[in-house]
Amino acid sequence: MPELPEVEITVNSLKPKILNQKITGVWFDVPNFIKIPSPKEFEKEIKNLEIKDIKRLGKNILIFLSQNKVLLIHQKLTGHLLYGKWQKKKNRWISSETTSFLAKDPQNRFIHFILFLKNKKMLVLSDQRKFAKIILISKEKLFQLKEIKELGIDALDPNFTFEKLKEIVKKAKTPIKKILMDQTKIAGIGNIYSDEILWEAKINPKRPANSLKENELKNLYQAIEKILRKAINTQGSSIIDWRKINGSKGDYGEIRKVYRREGKKCFRCGSIIKKIKFGNRSSYYCPKCQK
Ligand SMILES: [Zn+2]
C-alpha cells in the first residue's frame, strides 16, 4: 500500500501538472470506488470544476476544486495515480506513450478511473485489486468525515515532537508496530515503513509500546523522520504495485533493510531476517539486533 512517502511523491509531482486545470469529464468502471456522492451524482458534479490545489493528509490525497469542493482519493492497497494520455481500444485503455513505463509496466494497466483535463491529458487511477476510495465533498464537510476527523498527527508534521510521540506511546500496551501503523495515532506510516523504522531504531516490533525506555524512544523518534525522508528522497517503494505518476518505479525498495527480506542476512549484524504474523499482516525484523 502506498504510505506517506509515496503519497507525498504523487502529490508533489502532480501539482505542477494539474494545477489550474479544468476537469472536462470522468470515466470509471468500478462504481464502488465512489463513496460520496452516488456515482451518478459524482459524474455530474465533478464536470467543469477547476483544480485549485493538491495536498497530502496522512495517506489521503486531497484535490481542492472550485465551488468549494474537495476530491479525496485514498489509493488503498494497490492503487496509484498516473498522468498522461490514453486511448480506448477494444474496451481497454492503452497509453498513447507506447515506449513509456505507462505502457510497458503491467502494473500500470489496471485502469479503472479517469479524470479528463482541459489540456487533453488525463489523471488516471490504476488499481489491480480495486480497493481505492474516492469522495467528492464540500470543504466544510471534509473535516467531518470519520476518516479525516479521526486522523492522528501526521508523521512529518512539525508539531509531531518527541514529547508528542512519548505521549502517544506512554498510554499503549499494544505492540509498538501496531501503534506506528494506527492512523488515528500517527498518520502516514504503514506496513513497509513501520518495519524499516523499527529496524533502524533497533526495536522489536512486538515490544509493548509502553515498555520502551527513554533512549529507545529517542531512537524511534529519529528513525521515523529519517526513514520517511529517505523514502521520499529515493522516490518511494515500488516493491509490488505502487508507481510514480509517469509509471516508473521508486528506488527505496532497492535499499530497504528488512521489509520482505525474510531468510536474508541483516545488513547490521548478519543474522537471518525473520517474518512473523502480525494480526492479518506480516512483520519483518532482525531477531538479534532488534530488542
Ligand atoms: Zn541484525
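Biologist: Two strands count as paired when DSSP finds at least two bridges between them. How many bridges do strand β9 and strand β10 have?
Modeller: In this predicted model, β9 (residues 111-117) and β10 (residues 122-127) pair over five bridges, in the antiparallel sense. Leucine 115 stands opposite leucine 123 of β10.

Biologist: What holds paired strands together in general?
Modeller: Strands of a sheet pair through backbone hydrogen bonds, and the pairing can be parallel or antiparallel.

Biologist: What order do the strands take in the open sheet?
Modeller: The sheet has four strands, in the order β1-β9-β10-β6, and the pairing is antiparallel.

Biologist: Changing topic, what are the domains of the chain?
Modeller: The domain assignment gives domain 1 (4-141) and domain 2 (153-285). Their centres, taken over C-alpha atoms, are separated by 28 Å. The contact takes 23 residues from domain 1 and 22 residues from domain 2.

Biologist: Which element gives the most to the side of domain 1 that touches domain 2?
Modeller: α1, with eight residues. The elements giving two or more residues to that side are α1, β6 and α3 (101-104). By class, this side of domain 1 has 10 nonpolar, nine polar and four charged residues.

Biologist: At what angle do α6 and α9 pack?
Modeller: Helix α6 (residues 162-170) and helix α9 (residues 214-233) pack at about 115 degrees, with their axes 10 Å apart.

Biologist: Is that crossing left-handed or right-handed?
Modeller: The crossing of α6 and α9 is right-handed. Phe162, Leu165, Lys166 and Val169 of α6 make the contact with Leu217, Lys218 and Tyr221 of α9. By class, that contact has five nonpolar, two charged and no polar residues.

Biologist: Last one. How many residues lie between β14 and β15 in their hairpin?
Modeller: Two residues, and glycine 279 in the turn has a positive phi of about 65 degrees. β14 (residues 274-278) and β15 (residues 281-285) pair in the antiparallel sense over five bridges. Serine 282 in β15 is the bridge partner of lysine 277.

Technical notes. Residues are numbered from 1 along each chain as its sequence is written. This is a predicted model: local features need pLDDT of at least 70, side-chain atom pairs count only at pLDDT 80 or more; totals for chains, interfaces and linings use all residues. Axes are lines fitted to C-alpha atoms, for helices over the stretch in contact, and angles run from 0 to 180 degrees between N-to-C directions. A crossing is left-handed if the near helix is turned anticlockwise from the far one by less than a right angle, and right-handed if clockwise. Two residues are in contact if their C-beta atoms, placed from the backbone, lie within 7 Å. Ala, Val, Leu, Ile, Met, Phe, Trp, Tyr, Cys and Pro count as nonpolar, Asp, Glu, Lys and Arg as charged, and the others, Gly among them, as polar. Domain bounds come from an automatic or database domain assignment.
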